[in-house]
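Dear colleague,

Here is the structure I said I would pass on. My notes follow below it.

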Amino acid sequence: MITAFEHTLAFCRNMDEKDPLRKFRGQFYIPQHHEREVVYFTGNSLGLQPKTTQSYIQQELDDWAKFGVEGHFLAKHPWMPYHEFLTEHMAKIVGAQNEEVVMMNQLTVNLHLLMVSFYRPNSKRYKILCEAKAFPSDQYALQSQIQFHGLNVKEALVEIAPREGEYHIRPEDILEAIDRHKDSLALIMIGGVNYFSGQVFDMKAITEAGHKAGAIVGFDLAHAAGNLKLELHNWEVDFAAWCSYKYLNSGPGSVAGAFVHQKHLKNTTLPQFAGWWGHDKKTRFLMDSTFVPMETAERWQLSNAPILSMAACRASLAIFAEAGMEALIEKSKQLTAYLEYVIGEINNEKNNCLQIITPKENRGCQLSIVANGYGKPLYEQLIANGVIPDWREPNVIRCAPVPLYNSFEDIFRFGEILKSLL
Ligand SMILES: *Cc1c(COP(=O)(O)O)cnc(C)c1O
């Protein structure tokens with residue numbers, strides 16, 4: 001890892017030239033601003049479109065035109081098992097066995113389906129532990145699951161917050177809370193990365209502590225999948241869900257992922273909501289009225305698969321498979337460290353007005369920045385000048401240089417533009 005950074009364009013161009021992943025940038029459409037590529041720092045919100053996506057989708061449109069319903073079997077990539085074409089690449093990205101992963105539905109839908117199976121409160125164990133300021137959809141999902149079981153949200157939801165005056169949650173405070181609630185804890189459901197602060201949680205330690213306390217442990221990996229090295233299987237995480245349109249570049253609202261650990265797959269006493277696509281595929285079309293679950297994560301599928309969005313997901317996963325998570329993470333660390341360095345250089349000139357609230361030791365590629373003395377207008381001016389970060393109320397600008405298509409030169413340009421606006 002290079003740490004001798006220089007705040008010059010020449011340094012950035014040299015770094016980009018030496019970047020073993022440099023060819024991937026050309027495989028994406030980069031939005032334009034006044035006929036120039038923007039500095040796109042929102043791959044954590046909506047990843048850019050691979051240039052291959054269109055042909056992957058076109059293939060399915062062509063096969064639909066050509067075969068009609070028979071495309072389920074005759075298409076070049078038959079629709080009947082289409083979701084299976086995504087599994088291997090996806091499983092690798094999250095560190096899972098193939099049988100533990102399925103692409104289906106949307107993220108919040110998957111969280112609900114998995115909580116139906118894994119949040120089983122009783123009179124003794126009924127609490128859910130989560131991070132304060134979790135993504136709103138997760139908060140609504142957790143609250144409504146609690147209410148669905150006739151319980152009181154105030155009593156059943158334990159939220160771990162940063163200490164007074166701090167922006168992120170101390171890891172020891174999470175472990176302490178798990179221990180404090182150990183007799184009443186049913187489920188721990190935390191984001192792998194907090195969307196607001198960019199803090200990465202120690203999923204291995206949380207899973208261990210949760211299991212020791214007798215709880216089930218699940219993660220929302222929306223900001224972790226494709227961003228961090230994950231080992232869901234080895235960490236013995238019980239379940240997880242994520243979307244594919246952020247770091248995974250599968251297009252707006254595209255199909256989501258779900259993980260269920262091997263140890264649960266054959267447990268027939270586990271309650272679940274069922275649909276025909278979760279039925280044993282060998283006998284699915286006998287159309288019998290008794291549900292016979294698959295013995296893989298596919299068991300949680302309800303409906304037949306959304307082929308067009310899966311085609312986009314396939315296009316993107318092929319790129320990930322080629323680049324490899326190890327190399328992506330290596331570059332990600334360098335890019336983010338460089339962004340941190342450039343912000344430090346600007347701070348030297350501008351009275352330390354920029355505060356990075358993402359913890360240095362626990363982060364992926366996102367840096368959340370508070371510009372003290374500046375509000376939303378600064379963000380709007382960045383947009384007006386061809387930089388696309390995003391804004392999160394009340395005061396945070398999130399920047400995520402992603403290793404597949406962002407460059408050191410992007411960061412240099414961001415720095416120059418930011419400096420000129422302060
Ligand atoms: C992006 C995101 C979501 C979005 O949920 P959808 O069901 O995909 O609309 C939910 N949770 C987290 C933590 C997110 O970052």
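Leu61, Trp64 and Leu308 make a nonpolar surface patch of about 300 Å². Patches join nonpolar side chains (Val, Leu, Ile, Met, Phe, Trp, Tyr) within 5 Å, or like charges within 9 Å, from residues with over 30% relative accessible area and no salt bridge (a side-chain nitrogen of Lys or Arg within 4 Å of a carboxyl oxygen of Asp or Glu). Areas come from the Shrake-Rupley method with a 1.4 Å probe, and for residues only the protein chains shown count as cover.

This is a predicted model: local features need pLDDT of at least 70, side-chain atom pairs count only at pLDDT 80 or more, and totals for chains, interfaces and linings use all residues. Residues are numbered from 1 along each chain as its sequence is written, and side-chain values use heavy atoms, with hydrogens and water left out.

Leucine 61 sits in helix α2 (residues 53–67); helices are DSSP runs of H or I, at least four residues, and strands are runs of E, at least two, numbered from the N terminus. At a relative accessible area of 31%, leucine 61 is partly exposed, between buried (under 20%) and exposed (over 50%).

Isoleucine 319, in helix α12 (residues 307–323), is buried at 6%. Beyond its neighbours within four places in sequence, isoleucine 319 is in contact (heavy atoms within 4.5 Å) with Phe24, Gln27, Phe28, Pro50, Thr52 and Leu404.

Overall, the protein has 15 helices and 15 strands, and buried residues make up 54% of its 422 residues.

Regards

Definitions and conventions. Buried < 20%, exposed > 50% of the residue type's maximum accessible area, 1.4 Å probe, protein only.
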